[in-house]
Amino acid sequence: MGKKELLIILGMLIFAPIIVAIGVSMPILNYIDNSSPWIGFWGSYVGSIFGGVITLIVLKTTIKSNEDILSKTLLADKEKEFEKQKENYCTTVCEKIYRYFK
């Protein structure tokens with residue numbers, strides 16, 4: 001996981017509860033009853049948004065890692081194929097030279 005993704009996740013884990021606590025304690029939101037089921041709803045709603053963002057970050061990181069691995073594997077396969085072609089070419093040339101001088 002990259003530094004950027006790690007900072008986003010850490011920021012969400014540290015600052016999200018602080019922001020929600022400040023938001024709930026603001027005078028503009030005095031009409032909200034803290035014992036109301038709406039608090040639970042909004043807590044679940046905000047929590048699921050954070051969970052979704054974290055999931056997307058992890059998915060992006062996993063896909064990037066898999067692409068890097070695939071790229072390295074394809075490069076290694078191409079190198080092996082090139083070596084095989086060189087070997088086949090050399091074998092063919094040697095056989096033709098052998099037949100010519102036979």
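This is a predicted model: local features need pLDDT of at least 70, side-chain atom pairs count only at pLDDT 80 or more; totals for chains, interfaces and linings use all residues.
The secondary structure of the chain consists of two helices and zero strands. Helix 1 spans residues 3-25, and helix 2 spans residues 37-101. Of the 102 residues in the chain, 8% are buried. The accessible surface comes to about 9000 Å², and carbon and sulfur atoms account for 69% of that area.

Two pairs of positions show how parts of the chain that are separated in sequence are placed in space. V46, a residue of helix 2, is 30 residues from A16 in sequence, and the C-alpha atoms of V46 and A16 are 9.0 Å apart. The relative accessible area of V46 is 28%, so V46 is classed as partly exposed; the class begins where the buried range, under 20%, ends. The second pair involves T61, which also has its place in helix 2. T61 and G2 are 59 residues apart in sequence, while their C-alpha atoms are 7.5 Å apart in space. The side chain of T61 has a further contact, with the backbone: one of its polar atoms lies 2.9 Å from the backbone oxygen of I57.

Helix 1 contributes L6 to a feature of the surface. L6 belongs to a nonpolar patch together with L10, L13, I14, F15, I18, I19 and I22. The accessible area of these residues together is about 790 Å². L6 itself has a relative accessible area of 45% and is therefore partly exposed.

Charged side chains come next. Side chains of opposite charge can pair when their charged atoms come close. The structure holds three salt bridges, and the cut-off that decides each case is a nitrogen-to-oxygen distance within 4 Å.

One of these salt bridges joins the side chains of K64 and D68, with a distance of 3.3 Å from N to O. Both residues lie in helix 2, four residues apart, which corresponds to about one turn of the helix. K64 is partly exposed at a relative accessible area of 47%, and D68 is likewise partly exposed, at 35%.

Another salt bridge is formed by the side chains of E83 and K86, again with 3.3 Å from N to O. E83 and K86 are three residues apart in helix 2, so about one helical turn separates them. The relative accessibility of E83 is 45%, which makes E83 partly exposed; K86, at 38%, also counts as partly exposed.

R99 and E95 form a salt bridge as well, in which the closest N and O atoms are 3.9 Å apart. R99 and E95 are both in helix 2 and are four residues apart, about one turn of the helix. The two partners fall into separate exposure classes: R99 counts as exposed at 58% relative accessibility, whereas E95 is partly exposed with a relative accessible area of 40%.

A pair of aromatic rings is described by the distance of the centres and the angle of the planes. The structure holds one aromatic pair. It is made by Y100 and F101, whose ring centres are 5.1 Å apart and whose planes stand at 85°, so the arrangement is edge-to-face. The assignment follows because planes over 60 degrees apart count as edge-to-face. Both Y100 and F101 are exposed.

How many disulfides does the structure hold? The number is zero. The reason can be read from C90: its sulfur is 6.4 Å from the closest cysteine sulfur, in C94, and this is too far for a bond, because a disulfide needs sulfur atoms within 2.5 Å. Seen from the other residue, C94 is in no disulfide, and its nearest cysteine sulfur is that of C90. C90 is partly exposed, with a relative accessible area of 45%.

Conventions: Residues are numbered from 1 along each chain as its sequence is written. Side-chain values use heavy atoms; hydrogens and water are left out. Rings of Phe, Tyr and Trp (its six-membered ring) pair if their centres lie within 6.5 Å; planes under 30 degrees apart count as stacked, over 60 as edge-to-face and the rest as tilted. Buried means under 20% relative accessible area, exposed over 50%, partly exposed in between (1.4 Å probe, protein chains only). Patches are made of residues with over 30% relative accessible area and no salt bridge: like charges are joined within 9 Å, nonpolar side chains (Val, Leu, Ile, Met, Phe, Trp, Tyr) within 5 Å. Accessible areas come from the Shrake-Rupley method with a 1.4 Å probe; for residues, only the protein chains shown count as cover. A polar contact is a pair of N or O atoms within 3.5 Å; within protein, one must be able to donate a hydrogen and the other to accept it, and residues adjacent in sequence count only if both atoms are side-chain atoms.
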